[in-house]
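Colleague: Hi! I'm new to this one, could you walk me through it?
Modeller: Happy to, let's look at it together.

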Amino acid sequence: MDRTLTSFISALRTAEVRISPAETLDALSAVELTGYHDREFLKNTLSLVLPKTLDEKETFENTFEEFFKFHDISGARQTDSDEDEPDESDNSGEGSGTGQGLRTGSPPRGSGGSGEAREESEDEFAENLGRGPLADPTSRLGVLLMQNDRVELNVQVAAAAKEVKLQEIQVFTQKGLYTRRILEEMGLADLQREINSAKTSEDLRVRRLGRELKHRQDWLREQVRDYVEKQFLLYADAHGFKLREELLRKVKLSNIEHRNFRLVQEIVYRMAKKLVSLHSRRKKVYKRGVLNVSRTLRNNMSYDGHIFDLHWKSVKVDRPCVFAICDVSGSVANYARFMLMFLYSLEEVMPKVRSFAFSSDLGEVTELFERNSLEDAIAKTLRDFGGGSTDYGQALLDFRKKCLSDIDNRTTVIILGDARNNYGDAQQSVLKELYDMSKRVIWLNPESRSTWNTGDAIMRKYTPYVHQAEECNSLIHLERVVGNLLRTVQ
């Protein structure tokens with residue numbers, strides 16, 4: 001498979017251009033016909049195969065220009081003393097099409113070099129070796145450095161980058177790690193041994209070579225570091241975003257800073273959309289292949305036992321009627337915020353959501369969500385019900401008074417709270433009534449299980465009367481709970 005093209009497609013995917021395996025194969029077939037000789041033709045061809053929307057086409061344009069950018073690496077810095085040096089500009093040319101080239105500049109020259117004074121006081125070769133002929137290098141990287149062939153050097157750096165999988169770089173702090181890996185892949189160990197051996201050589205030409213290789217090694221390290229940085233900008237911008245997104249999915253919701261709320265909200269919508277696509281089904285799902293024998297025979301009796309009409313078993317899938325009771329006191333407010341956001345983002349498959357909020361007295365906020373945008377409704381809920389001392393017993397009594405007649409064997413009751421009741425009456429008998437009448441009662445506690453019964457927490461009193469008690473303090477936990485709820489409702 002064409003590694004250049006697959007690397008480019010990887011860069012597109014990290015830039016959030018959706019590309020399927022089938023489209024990847026189409027792109028490979030197209031490149032087999034076009035090749036890489038005509039850059040503009042290649043760009044136009046791939047733009048017909050890979051991006052689909054206007055936004056994706058714009059992203060494709062930017063990514064293509066960045067990925068196949070070529071930096072002129074033949075522009076050596078000239079000084080007055082360079083006039084008698086051979087012109088090496090003929091070595092310039094286009095890169096291999098595998099990403100950005102090395103930055104403009106040339107390696108330090110040898111004995112016929114630039115003439116710039118070099119500070120030797122801190123150099124490992126402190127002895128003044130003067131100017132003169134150099135020995136021939138023996139290491140593979142040393143030969144490459146002394147050839148002054150920047151195109152070949154660029155190709156070797158790109159090849160080494162592929163071998164160490166530079167395209168998998170994710171965070172900026174990995175820059176030094178990948179720089180070292182690329183240099184090692186190019187033969188840094190052999191070069192370093194040659195330099196160390198040259199220090200103690202009795203041959204003046206060898207010591208001069210060691211000094212020159214040391215300078216060129218330092219120059220190469222800088223070039224590779226710049227190359228890695230450019231590749232990071234190409235491959236890891238989206239990776240970094242996804243890494244941050246993945247972190248926000250796992251981190252405790254109480255630890256999320258307000259500046260990240262917008263991003264978390266986007267994550268919630270995407271997670272909800274995924275669940276909608278998985279569970280958006282008609283109320284009746286007919287399982288073809290499962291024959292209802294009794295009904296088939298009964299309905300064909302008029303045909304003297306001949307079977308003309310087949311009847312199939314069906315499974316009725318009811319959309320769940322959910323009652324969400326949320327503690328919105330200070331320590332639990334963020335959990336309630338995102339659970340309500342989650343539930344109301346599932347309106348296609350979970351339209352019967354009635355929401356209640358409390359810190360002491362409980363109130364229904366369903367209409368508040370119907371009249372306002374989701375974000376405004378959540379803000380008003382937290383404002384109106386977020387004050388006061390937490391009283392789970394009173395909240396359960398209020399819920400019983402308002403909704404007990406609406407609870408039946410199709411109802412799911414979700415309670416989100418830490419069960420810290422300020423040493424008040426738990427009123428667990430009310431929860432027992434809900435347990436007996438509903439299809440399921442789920443308690444989501446944002447605290448770790450080890451703290452469920454410490455201090456004023458009374459989970460031990462409520463746990464016998466819930467069908468499921470879960471630790472739930474992150475978006476991943478919320479997604480799992482809601483996903484399981486949708487799968488089991490039949």
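Modeller: One term before we start: a crossing is left-handed if the near helix is turned anticlockwise from the far one by less than a right angle, and right-handed if clockwise. Also, this is a predicted model, where local features need pLDDT of at least 70, side-chain atom pairs count only at pLDDT 80 or more, and totals for chains, interfaces and linings use all residues. Residues are numbered from 1 along each chain as its sequence is written, and side-chain values use heavy atoms, with hydrogens and water left out.

Colleague: Thanks! So which hand does the crossing of helix 12 and helix 14 have?
Modeller: That crossing is right-handed. Helices here are DSSP runs (H or I, at least four residues), numbered from the N terminus.

Colleague: And at what angle do the axes of helix 12 and helix 14 cross?
Modeller: Roughly 145°, with the axes of helix 12 (residues 333-344) and helix 14 (residues 374-385) coming within 10 Å. Axes are lines fitted to C-alpha atoms, for helices over the stretch in contact, and angles run from 0 to 180 degrees between N-to-C directions.

Colleague: Which residues make the contact?
Modeller: Helix 12 brings Ala333, Arg337, Leu340, Met341 and Tyr344, while Leu374, Ile378 and Leu382 come from helix 14. Contact means heavy atoms within 4.5 Å.

Colleague: New topic: how many residues are in the largest nonpolar core?
Modeller: It has 48 residues, and Leu478 and Phe338 are among those with the most contacts inside it. A nonpolar core is a set of buried Ala, Val, Leu, Ile, Met, Phe, Trp, Tyr and Cys residues joined through side-chain atoms within 4.5 Å. Buried means under 20% relative accessible area, exposed over 50%, partly exposed in between (1.4 Å probe, protein chains only).

Colleague: What does Leu478 touch?
Modeller: Beyond its neighbours within four places in sequence, Leu478 contacts Leu253, Phe338, Met339, Phe342, Leu444 and Cys472.

Colleague: What about Cys403, buried or exposed?
Modeller: Cys403 counts as buried because its relative accessibility is 0%. This residue sits in helix 15 (residues 392-403), and leaving aside neighbours within four places in sequence, Cys403 is in contact with Phe323, Arg354 and Phe356.

Colleague: And why does Glu56 count as buried?
Modeller: Because its relative accessibility is 5%. Glu56 belongs to helix 4 (residues 54-67) and touches Val17, Arg18 and Pro51, not counting residues up to four places away in sequence.

Colleague: Last one: where is Gln167?
Modeller: In the loop between helix 6 (150-163) and helix 7 (175-186). Gln167 counts as partly exposed, at 22% relative accessibility.

Methods. Helices (H or I, at least four residues) and strands (E, at least two) are DSSP runs, numbered from the N terminus.
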